[in-house]
Amino acid sequence: DSIANQIAAGEVVQRPASVVKELLENSVDAGAKSVQLVVRDAGRTLVQVIDDGAGMTETDARMSFERHATSKIRSSDDLFRIKTMGFRGEALASIAAVAQVEMRTRRAAEELGTLVRIEGSEIKAQEQISCLPGTNLLVKNLFFNVPARRNFLKSNSVEMRHILDEFQRVALAHPEVAFSLFQDDREVFNLPSGKLSRRIVDMFGKGYRDQMAYCEEQTPYVTVRGYIGKPESAKKTRNEQYFFVNNRFIKHNYLHHAVLGAYEGTLPDNYHPFYVLFIDIDPSHIDINIHPTKTEIKFDDERSVYAIMMAAVRKAMGVYNL
Ligand code: ADP
Ligand code: MG
């Protein structure tokens, strides 16, 4: 029922940024080449994602809002072989439980698309429409039916910061996909598809072009690749620091220390280096906390990843005397 749905939704949907994360990941999963994010009032009144991905059939469109209907987890082994980012099959159901959702979707091979309108888990309309191939999903008035949650939201600037974080994480993980972001009708990001280095510069500024070094180190167990900021580009304030494991953003204090260790002696006190580092590893070697809002992960051989990470960063800085 709707109360149970609302409670379950609380797990996945904590704030507008959670909606942003889930929708962007779905678009990437659907093979989109181009994804547009539109937010109004820091996502309180509108989060919209428009993609040119695979789209859905009429049946799939309706099913996509049913809890667990589409979970890709079919056995416990699947938990360790998660290839795509979405895997719980409940994000859309959760969002639809606590917002007014409108989805237009069409598969390229079909002439007509489907419109589904759903509010607080109640289907209000489902009809055939003409629309572009891909998916256009509007999430309006988040927590319209859960005042306590709505009141719990922070200021617009805080909520917008969370949205930007999610947008930047997904956009960094997928430089092969074009992304744009409109905030209250103003275009704040327009990121064409291209290489990772180009994505970083487009996102953080031209100044990064000459201030970063390519980083790569490979062993049979793990591959580390990405870019690190040269020591002279370190900032006194919080700098951009990202780890991605198999293209999923994660936080990892221990690995963060490996990176800092490589910088040792090159940074003044309280200066923070920039890094965008991808760790590719066989999924059987990691333990993903399956809660969708968590960004932690465990490696079965953490010390190896630590050593390889530090070696990779040192090498990139031109420090070979390990
Ligand atoms: P999950 O991504 O975990 O499977 P979601 O609730 O996020 O669960 O999405 C449910 C299903 O709806 C997806 O598995 C996918 O089949 C479909 N879907 C969602 N968003 C899109 C999209 N943008 N394009 C195509 N299909 C989508
Ligand atoms: Mg999903």
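What follows is a chat about the sheets and helix packing in this predicted model.

Trainee: Before we start, what kind of model is this, and how are things numbered?

Mentor: It's a predicted model, where local features need pLDDT of at least 70, side-chain atom pairs count only at pLDDT 80 or more, and totals for chains, interfaces and linings use all residues. Residues are numbered from 1 along each chain as its sequence is written, while chains are lettered from A and ligands numbered from 1 in the order in which they are written.

Trainee: OK, the sheet of 8 strands: what's the strand order?

Mentor: S5-S4-S3-S6-S2-S1-S7-S8, an open sheet with mixed pairing. Strands here are DSSP runs of E with at least two residues, helices are runs of H or I with at least four, and both are numbered from the N terminus. Two strands pair if DSSP finds at least two bridges between them.

Trainee: Which strands stand at the edges?

Mentor: Strand S5 (122-129) and strand S8 (186-191). Each has a single partner strand, so one side of each is left without a neighbour in the sheet. Neighbouring strands are turned by 10° against each other on average, direction ignored. Angles run from 0 to 180 degrees between N-to-C directions, and axes are lines fitted to C-alpha atoms, for helices over the stretch in contact.

Trainee: How do S1 and S2 pair, parallel or antiparallel?

Mentor: Antiparallel, over 6 bridges, with valine 38 opposite glutamine 48 in S2. S1 and S2 form a hairpin with 5 residues between them, and aspartate 41 in the turn has a positive phi of about 50°.

Trainee: And how many bridges join S2 to S6?

Mentor: 6 again, and S2 and S6 run antiparallel. Isoleucine 50 has asparagine 136 in S6 as its bridge partner. Elsewhere in the sheet, strand S3 (residues 100-106) and strand S4 (residues 113-119) are antiparallel too, over 6 bridges, and threonine 105 stands opposite threonine 114 in S4.

Trainee: Which strands does H2 lie across?

Mentor: Helix H2 (residues 16-29) lies across strand S1 (34-40), strand S2 (46-51) and strand S6 (134-140), and runs at about 10° to S2.

Trainee: What about H2 and H6, at what angle do they pack?

Mentor: About 20°, with the axes of H2 and helix H6 (residues 156-173) 8 Å apart. H2 and H6 are therefore roughly parallel to each other (angles under 35 degrees count as roughly parallel, over 145 as roughly antiparallel, 65 to 115 as roughly perpendicular and the rest as oblique). Their crossing is right-handed, meaning the near helix is turned clockwise from the far one by less than a right angle.

Trainee: Which residues make the contact?

Mentor: Among them are Val20, Leu24 and Val28 of H2, and Ile163, Phe167 and Val170 of H6. Contact is when C-beta atoms, placed from the backbone, lie within 7 Å. The residues of that contact divide into 8 nonpolar, 1 polar and 5 charged (Ala, Val, Leu, Ile, Met, Phe, Trp, Tyr, Cys and Pro count as nonpolar, Asp, Glu, Lys and Arg as charged, and the others, Gly among them, as polar).

Trainee: Switching to the sheet of 5 strands, what's the order there?

Mentor: S9-S10-S13-S11-S12, open, with mixed pairing. Strand S9 (212-218) and strand S12 (248-250) stand at the edges, each with a single partner strand, so one side of each lacks a neighbour in the sheet. Neighbouring strands are turned by 20° on average, direction ignored. Strand S11 (residues 241-245) and strand S13 (residues 275-281) pair in the parallel sense over 5 bridges, and glutamine 241 has tyrosine 275 in S13 as bridge partner.

Trainee: Glycine 229, buried or exposed?

Mentor: Glycine 229 sits in strand S10 and is buried, with 24 other C-beta atoms within 10 Å (buried takes 20 or more, exposed 12 or fewer, partly exposed in between, with C-beta atoms placed from the backbone). Leaving aside neighbours within four places in sequence, its contacts include Gln211, Ala234 and Phe274.

Trainee: And arginine 303, buried or exposed?

Mentor: Arginine 303 is in helix H9 and counts as exposed, with 10 C-beta neighbours inside 10 Å.

Trainee: Which strands does H9 lie across?

Mentor: S9, strand S10 (222-229) and S13, running at about 140° to S9. Helix H9 (residues 302-316) also packs with helix H8 (residues 253-263), at about 30° and with axes 8 Å apart. That makes H8 roughly parallel to H9.

Notes: Two residues are in contact if their C-beta atoms, placed from the backbone, lie within 7 Å.
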